[in-house]
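Open the model in your viewer and keep the selection tool at hand.

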Amino acid sequence: MATVSAKGVSKLFGTFKALDDVSIDFDDGGFYGLLGPSGSGKTTLLRLIAGFEFPDSGSISIGGEAVERVPTEKRDVGMMFQSYALFPNMSVFDNVAFGLTVRRLPASEIRKRVGEALQLVRLDGLDQRRPHQLSGGQRQRVALARAIVIRPRVLLLDEPLSALDKALRTGMQVELKRIQREIGITTIFVTHDQEEALTLSDRIGVLREGRLVQEGAPRDIYERPNSAFAATFLGDANLFEGAVEDGAVRLAGGPLVRTDDPLPAAGASVTVAVRPERMTVRLEGDDSGPEHNEIGAQVEAAIFAGNSLTYHLKRGDMPIRVFVQNSGAAPVAAGTPVRLTWQPAHTIVVSR
Amino acid sequence: MAHEATHDTTGNTAQADRSARAVVLLTGPAYLWLTVTVLLPLVAMLYFSFLSEAPIAGRVGELTLEQYRAFFEHAFYLELILRSLRLGAEVTLFCFLLGFPCAYVLAKTIKGRWREALFLLVIIPFWSNALVRVFSWTMVLRGNGLLERAIETVFPGAGSLDLLFTYNAVVIGLVHSYLPYMILTCYISLQAIDDDLIAAARSLGASWLTILRRLILPLAMPGIVAGAVLIFVPVIGSFMEPRILGGRQGTFIGTIIEDQFTAVFNWPLGAALSFILLACVLVIFIPFTFAARRMSG
C-alpha cells in the first residue's frame with residue numbers, strides 16, 4: 001500500500017494534449033475517483049500511473065519512489081480493465097494465479113493466495129471454469145481477484161462498473177467498497193458516471209480537456225463546485241448570469257440574488273449556480289422568509305418519478321429545473337406562474 | 001392445457017420441417033458441387049489404386065493389392081515419403097519463424113495506411129504465376145547468380161554457395177511460395193487478440209517472453225495450425241519446385257507420383273502412393289488439431 005502522487009504531468013498524443021500540467025496526490029488507503037467526460041484525460045492519467053505510457057513531462061511517484069520511467073511490469077500495480085481482459089485460454093484459477101506464477105511463488109503458496117482472493121470476491125468453487133462460462137458480474141470479480149492477488153501497491157480500476165447492468169452495478173458498488181476497505185489498498189478509478197464517482201469515492205478529481213478542474217471530497221465538490229463545468233458535470237445545476245451589485249448579484253431582467261460566497265468588485269459579471277433540489281416552488285400568494293432569494297418563472301411541465309417530481313420551468317427563454325420530494329400534494333399545473341425561492345447559502349458563485 | 005401442448009408440438013414439427021427443407025435447399029448445391037468435384041474424383045482414384053493397370057486405351061485392369069504391396073516391398077518409397085515429410089516440416093517451420101513475427105507486427109504494431117501497403121507486399125506474390133516465380137529463383141540461386149554476386153560485393157572472396165539444384169534451394173523456393181499463407185492465417189488470429197489482454201499480463205508482471213508463451217502463442221494457435229495445414233499438405237505433394245530448383249536432388253514423393261501419371265502412365269501406383277501420403281497426413285494432423293483446440297480454449 002502506498003501513496004501515489006503526480007506532479008506537473010503532461011502527455012501529448014500527436015498534437016492532442018491529453019494531459020496538461022496535472023498535479024494530484026492520492027493518500028495511502030484512499031478510494032479516489034477520476035471523473036470527466038470522454039477526452040478529458042482521466043484514462044490517460046490512469047494509464048500513466050499504471051505505466052502503460054510514460055509522461056512527456058512531470059513526475060509520478062508511488063510510495064515516494066519516482067516511477068515515471070518504470071514500465072508497468074516492474075511497477076507492482078493491480079489494474080482492472082473495463083473489458084476485464086480475462087485470459088480466455090485459462091481457467092479462473094489460472095487467470096488469478098497468473099501474476100503469482102510470473103513471480104515464481106511456490107505452488108502451495110499460489111493455491112492458498114488464489115483461494116483467499118476468490119473467497120474475498122465471493123467466487124470460491126468456480127476456479128475451474130473458463131471465462132466464457134461466467135456471467136458479466138462473475139467475470140468482473142475474477143478480474144478484481146487477479147488484480148489484488150499480487151498484493152499491488154495501488155489498485156487501478158478503469159470504468160469498473162460500466163459494463164454491468166443497473167441492478168448488478170449497485171450490488172458491485174457495495175462489494176467494491178467492502179473489498180477495498182478489507183485490504184486497505186490505495187485505489188484509483190476512472191469513471192464518466194457522476195453517481196458512481198459520488199457513491200464510491202472518498203475523494204474525487206474532476207478533469208476536463210486534460211486539466212484537473214477541481215479535487216476534493218464528493219460532498220465538498222457537490223456543495224461548492226468551483227466552475228460551471230464542475231457544477232453541471234457532478235450533479236445538476238441551474239446557472240444564472242449576472243453582475244455584482246451591492247454585495248449581491250443582479251440577474252439579467254431584474255431580481256437581486258444573495259449569496260454567502262465572496263464576490264468580486266461591483267460591476268463584475270459572474271455566473272452563479274443553484275442545485276435543483278435547493279429551490280422551492282411557491283405559488284403566488286405563498287409567503288417566503290426574508291432571507292430567501294426569489295425569482296419568478298413559469299411551469300412548463302411536471303415530470304413524475306415516483307418518490308420525486310421534476311419541474312421544468314422557464315424564466316423568459318431560460319430553462320430551470322427543480323426537484324421536489326413527493327409529499328403527496330398535487331403538482332403545480334403546467335402554465336402556472338410561480339416563484340422560486342432559496343437560501344443565500346445555496347447560491348454558488350462558480351465563476352468570478 | 002393438454003390441448004395447448006399438443007397444438008404446440010404439431011406447430012414445432014411443422015416449423016422443424018420447414019427449416020429442415022430450407023437447410024437442404026441452401027446447402028444442397030454446395031454439397032452437390034463438392035461431391036462432383038472432390039468426392040467422385042477421390043473415389044475414382046481410390047478405385048484405380050486397387051487396379052493392376054489403368055483402364056485407358058481399352059485395357060482392363062484387375063482388382064489387386066499389388067500397388068500397395070509395391071510400396072511396402074521397395075524401401076525407397078518409404079524413404080521418399082519420409083524425405084517429403086521432412087521437407088514439409090522444414091518449410092512449415094521456416095514459414096512460421098518468418099511469418100509469425102511478420103503477422104504480429106502487421107496485427108499489433110502497424111496501424112492505418114502502412115498496414116494496407118505492407119499487406120499488399122505480402123499478397124503480391126499470389127498475383128504472379130507460380131512457374132515464373134520459381135524460375136526467377138533459378139536466376140537468384142545459381143552459381144554466379146544474383147545472390148552470389150550480391151554476397152561477393154559485400155564480402156569479397158566469400159566463395160561460391162552453389163545453391164541451385166540442392167535440397168536447400170527447394171526449401172527456399174517453397175518457403176517463398178507458401179509464406180503468405182502463414183502470414184495471413186496468423187494475422188487473422190493475432191488481430192483478434194484484445195490489446196487489453198497483453199496490457200493486463202504486463203501489469204501482472206509478465207515479461208514479453210512469458211506473454212508470448214502463455215498468451216499470444218496459445219491464442220494464435222488456431223491460425224498457426226491453419227497456416228501449417230495449408231503449407232504442409234501441398235508441400236509434401238509438391239513436384240514443380242523440387243524439379244526446377246532441386247535438379248537431381250529434387251526427387252520427392254510428389255515428383256514420383258507425378259511421374260506415374262504423366263511419364264510412366266502407371267496410374268494405379270500413382271493413386272496408391274497418393275492415398276498412402278494422404279493417410280500419413282491424417283495421422284499427423286488429427287491429434288495435432290485436437291491438441292491445438294485444447295490449448296486455445
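Where in α7(B) does a kink of about 45° lie? Before looking, note that this is a predicted model. Now select B:Y178: the kink is there, shortly before the proline B:P180.

Next, select the whole of helix α7 of chain B, residues 167–191. Then show the rest of the model around the helix. Of the 25 residues in α7(B), 20 are buried, which leaves the helix mostly covered.

Now turn to the contact between the chains. Select the residues that take part: 18 from chain A and 19 from chain B. On the side of chain A, colour β6 (77–80) and α2 (92–102), each of which supplies at least two residues. The largest share of that side comes from α2(A), with 3 residues. Colour the chain A side by residue type, and you will find 11 nonpolar, 4 polar and 3 charged residues.

Last, hide chain B and colour chain A by domain. The domain assignment gives domain 1 as 4–231 and domain 2 as 236–351. Their C-alpha centres lie 39 Å apart. Where the two domains of chain A touch, select 6 residues from domain 1 and 7 residues from domain 2. The domain 1 side of this contact divides into 3 nonpolar, 2 polar and 1 charged.

Notes
Residues are numbered from 1 along each chain as its sequence is written. Chains are lettered from A and ligands numbered from 1 in the order in which they are written. This is a predicted model: local features need pLDDT of at least 70, side-chain atom pairs count only at pLDDT 80 or more; totals for chains, interfaces and linings use all residues. Helices (H or I, at least four residues) and strands (E, at least two) are DSSP runs, numbered from the N terminus. Ala, Val, Leu, Ile, Met, Phe, Trp, Tyr, Cys and Pro count as nonpolar, Asp, Glu, Lys and Arg as charged, and the others, Gly among them, as polar. The expected span of a helix is 1.5 Å times one less than its number of residues. The bend at a residue is the angle between axes fitted to the seven residues ending there and the seven starting there. A residue is buried if 20 or more other C-beta atoms lie within 10 Å of its own, exposed if 12 or fewer, and partly exposed in between; C-beta atoms are placed from the backbone. Domain bounds come from an automatic or database domain assignment.
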